[in-house]
Every structure is written in C-alpha cells, then in structure tokens.
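Me: I'd like a close look at one part of this protein, please. Take your time and walk me through it.

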Amino acid sequence: MSFTSSTQSVPVAGSVPRHIAVILDGNGRWATRRHLPRAAGHRKGVEAVRTTVEGCARRGVEFLTLFAFSSENWRRPADEVSLLMRLFLSALQREVALLDRNGIRLRIVGDLARFEPRLQKMIADAEARTAQNTRMTLTIAANYGGRWDILQAGNALLRERAAKGVPADQPVTEAELASHLSLAYAPEPDLFIRTGGEQRISNFLLWQLAYTELYFCECFWPEFNDERLQEAIQWYGQRERRFGRTSVQTRQDAAR
C-alpha cells in the first residue's frame, strides 16, 4: 500500500485526523509532583494509553502512533529502564487480546534487536495475532529514533539496489527511500500531540512530520484523557492545511 507524500502532492485532509502521532511525555514529572516514585507515573501512563486508543478508534482515526521509548531513553537510570521494559512486557500480555477483539492491528517499530529474546518473541506473536485487523492500526515506537529510521531505510535501499544491479549513480527518489521507512505502511501523521509542556519533536518521525500539525499540551501524559484528546482533534479541525498553497487555493480545492 502506498500513500501520498505531502512534499510531492497534496494529501486529502479531513476534519478528523487519519493518523495521529503522540509523544507520551511527563510520566515521571507527574509522579514527582505528587511525591510518588517515577514508576507510579509510568504505570498511570499505561491507563492513558488505553484511553487514547479507545478514543481514537471510536472517532474513526485509522492510525495511531505512540512514542513509548526512544533510542535516547537508554540514557536514563538502569532501574527506570528496567521498569519500562517490564511494563512493556506486562502491557503486551494484558492488552493484546483486547486489541484483537476490538479489531485493532498492533505494530511495533524501532531497533528491536536490543530487546531481550522473550520480548522480541512476544512482539512478533502480538503482531501476528492482530495482523488481519482493519479498524485501526496502533503503532508503538520502541527503541526508535527518527535519524535511525532514515539511516536504516537508506541502508536497506542500498542493499536492495545492489541486489538488483542498479547503477550507483542513479538518483534515489523520495518514494524509494520512504518505502523502506519503519512506518511505510501508514500515511504521514496529520496531527502530532506532545504532552508535558515541552515544544520539540525529540527525534520522532523526522521524515514523516514534514507537514504535520503540531499540538503541544501542558498536561502530563497520565492526565491526558478523552476530553483532552477531543480538544486536540478540535484544534486540528480548525487548522488550514495549505501544503505550500495559498489560502485561496486551499478554499477553492475544498469547494470542488
């Protein structure tokens, strides 16, 4: 399946985002402000994930991508990283059956080789179990980085070209490279949400966010509920998505 690139042509944009991407920020700070261990914030954050998945599926969002663990998060204290891995395992064990019953496909993207074999197997089993579901695709970015994604796509393309005997001086097209990105199966995000008050994209989907609407929420991730999701979607619905065109052109195209 191929999707329209926002830099090559104008994608169709509706009032409800087709694809929402989220950075789940502020779990630790939420806990610290309540004089709780950071672990409590991460556990509470899992509840917000469930609420967001349910809310997006109910509103007809087709793709939801959650940045759960970045390639830079390995720099955190070892005990916190270990906790995050345990939470990931337990969430897979607990939630996959529910996702499957609700027609949601699960994909995990990132450099999974660093995870322990048991977790890698659970990921593969979860993806296989939900592979035929079509209501919504939930992607979890784990040990993921936008620069890593572009590099691995470039290296995969080089290997493919070498195997096919493509001349080294033949220019690479955007479509060729994009087809090797981790989220090649999904359209570019329409709406990006980051909680926690920070206003940066932190090495998340660097290629794909070229024309995404960026929404920053002051609340911490454990506080992100269905009402806040609705606020973000309503904000998105008021945006004028020009994709390089003028406002007049945008209105004319919408009227056709």
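In which loop is Asp-25 found, and what is around it?

Reply: First, a caveat: this is a predicted model, where local features need pLDDT of at least 70 and side-chain atom pairs count only at pLDDT 80 or more, while totals for chains, interfaces and linings use all residues. Residues are numbered from 1 along each chain as its sequence is written, and side-chain values use heavy atoms, with hydrogens and water left out.

Asp-25 is in the loop between β1 (19-23) and α1 (27-33); helices here are DSSP runs of H or I with at least four residues, strands are E runs of at least two, and both are numbered from the N terminus. Asp-25 is buried, at 14% relative accessible area (buried means under 20%, exposed over 50%, partly exposed in between, with a 1.4 Å probe and protein chains only). Leaving aside residues up to four places away in sequence, Asp-25 touches Arg-194, Thr-195, Gly-196, Glu-198, Phe-220 and Trp-221, where contact means heavy atoms within 4.5 Å.

UniProt, in an unreviewed entry, puts the feature "active site" at Asp-25 and Asn-73; such annotations may be inferred rather than shown by experiment. The two span 49 residues in sequence, yet no two of their C-alpha atoms are more than 11.9 Å apart, so they gather at one spot.

As for Asn-73, look in the loop between β2 and α3. Asn-73 also counts as buried, at 15% relative accessibility. Beyond residues up to four places away in sequence, Asn-73 touches Ala-68 and Val-81.
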